[in-house]
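Q: Please take a close look at the helix packing here and talk me through it. I'd like one connected answer that I can follow with the model open.

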Amino acid sequence: MERDPEAERDPREGARARAREGESVWGPTRRGLTIGLVATVTLVAFEALAVAAVMPLVARELGDVALYGWAFSGFFLGNLVGIVAAGGAIDRVGVVRPLLVGLLLFAVGVLIAGVAASMPILVLGRIVQGVGAGAIPAVAYVTISRRYEERTRPQMFAILSTAWVVPGLLGPALAGWIGDHLTWRLVFLGLLPFILLFGGFTLRALRSRDDADRTDGMPAGRRAEARRLGAAILVTAGAALLLAASTAPTAPFAIPMAVGGLVIGLPALRRLLPAGTLTAARGLPATVLARGVLTFAFFGAEAYLPLALVEVRGTTATEAGLALTAATLSWTAGAWIQAHRFSSWGGRRLVGLGFAVVAVGVGTTAVILLPGVPVLVSVATWGVVGLGMGLAYSTLSLLVLRDAPAGQQGAATSSLQLSDVLGTSLGTGVGGAVIASAAMSGTSTALGIAAAFGISLAVGIGGIVLS
């Protein structure tokens, strides 16, 4: 074990440090921190699952189905800015202030979406909400990296995945019931007291520990942080232009927007990701890229599964939530499998297996668009997709923490989350674009949803090759 100069100067601190090394995630000095992280992630989990379940009802009331996908893409494009801003701030000032600002923005976004009178206002609220939510995974990942030993990190990631269990069991069905019998607005506004409660508990737990996990506030560090934030804004703008181009009515509009999106976003994205990410260089770059491919394949289909069940197959929002619940539970099961098999199976095997399971699940779920197929089939098939996500998602997180250079965990996890949400926003955006195009051309919604599922399946197969 490496010598600790601080411990040598204070024998009592040395004893405490040795005790922490042998302590579990539920030990006396970590229990509050673990509970706080789980509680905060639970907020994000409930929001993600609940909004997906009620979006068909939102679209019925507010109209403008062409913006359906933007309710998801806007959230994750906001995440791009929030994650990079939080990642840079964490390395400079610690985790408390970035989390506080993130929670405040998250609450403001929830309020805007909850009172929205039109789909564009709801999308605006989702963007603000996404910026705030970007701080939460960044804080959680860096906290795990800096305050938990390497041997306990797989367990902690599995516990965070378990934080999706209660929202997964209750969230979609509860949100669907609220939307069916009360109003979908409560799915947003009802989160506000829990943001105050859970956020306050987590901030207190973080403050109770030594928050010296930072670099410095020198001008050079601030300039680097400002450059990364500026690049994140350019990536967001570029991605937004690409998504807008995909729904443009004519080629004279679409082509300039697509070219502009690439010119603005691609160079900035290269600056934000590890060198070699876009060419899948071995090690950290390929791991970061794989995360984006994985989230594209999953969320590009999941966002439109409730729409398929409610609008095409005629189920209630409550019934549509069952499929999301199944995926949440199986995702947790997959995460626990990787926690116990990571050291023996290895990261590459787990990631490849996860991609394969996701691809099989997405392909089989698409059959519920056929009239003669029982809608309950979607519960089983989407559960298969969740299992694949559990195997691969947490594994990629562990690989990034393992390969990140010392002292740069904040930047590395920021890159991972950037790829994560960029994949999600592009997946939901492309899916929304093909559905909107189908609606504008008079084609059936079912055909548009089938195309969205087909794109996700193709990307999942590409992930198998990448792994």
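**Helix pairs and buried spots**

A: Start with helix α5 (residues 96-114) and helix α6 (residues 119-133), whose axes come within 7 Å and cross at roughly 165°. Helices here are DSSP runs of H or I, at least four residues, numbered from the N terminus; axes are lines fitted to C-alpha atoms over the stretch in contact, with angles from 0 to 180 degrees between N-to-C directions. That makes α5 roughly antiparallel to α6 (the label for angles over 145 degrees). This is a predicted model, so local features need pLDDT of at least 70 and side-chain atom pairs 80 or more, while totals for chains, interfaces and linings use all residues. Numbering runs from 1 along each chain as its sequence is written, and side-chain values use heavy atoms, leaving out hydrogens and water.

The α5/α6 crossing is left-handed, that is, the near helix is turned anticlockwise from the far one by less than a right angle. On the α5 side, G102, L105, F106, V108, G109, V110, I112 and A113 meet I121, L122, G125, V128, Q129, V131, G132 and A133 of α6; contact means heavy atoms within 4.5 Å. Eleven of these residues are nonpolar, five polar and none charged, with Gly counted among the polar ones.

Now look at α14 and α18: they pack at about 155°, axes 10 Å apart, and are therefore roughly antiparallel. Their crossing is left-handed. Among the residues making the contact are V288, R291 and A301 of α14 and L396, S397 and V400 of α18.

L416 counts as buried at 0% relative accessibility (buried is under 20% relative accessible area, with a 1.4 Å probe and protein chains only). Beyond its neighbours within four places in sequence, L416 touches Y141, V288, R291, S397 and V400. L396 is 20 residues away from L416 in sequence, yet their C-alphas are 8.7 Å apart.

Finally, find α17 (residues 347-365), 19 residues reaching 27 Å from first C-alpha to last. Its buried residues include G352, G354, F355 and V362, and what covers the buried set includes α14, α15, α16, α18 and α20. S456 sits in α20 and counts as buried at 2% relative accessibility. Leaving aside neighbours within four places in sequence, S456 is in contact with F296, A297, G300, A301 and V362.

Note on methods. Helices (H or I, at least four residues) and strands (E, at least two) are DSSP runs, numbered from the N terminus. The expected span of a helix is 1.5 Å times one less than its number of residues. Buried means under 20% relative accessible area, exposed over 50%, partly exposed in between (1.4 Å probe, protein chains only). Angles under 35 degrees count as roughly parallel, over 145 as roughly antiparallel, 65 to 115 as roughly perpendicular and the rest as oblique.
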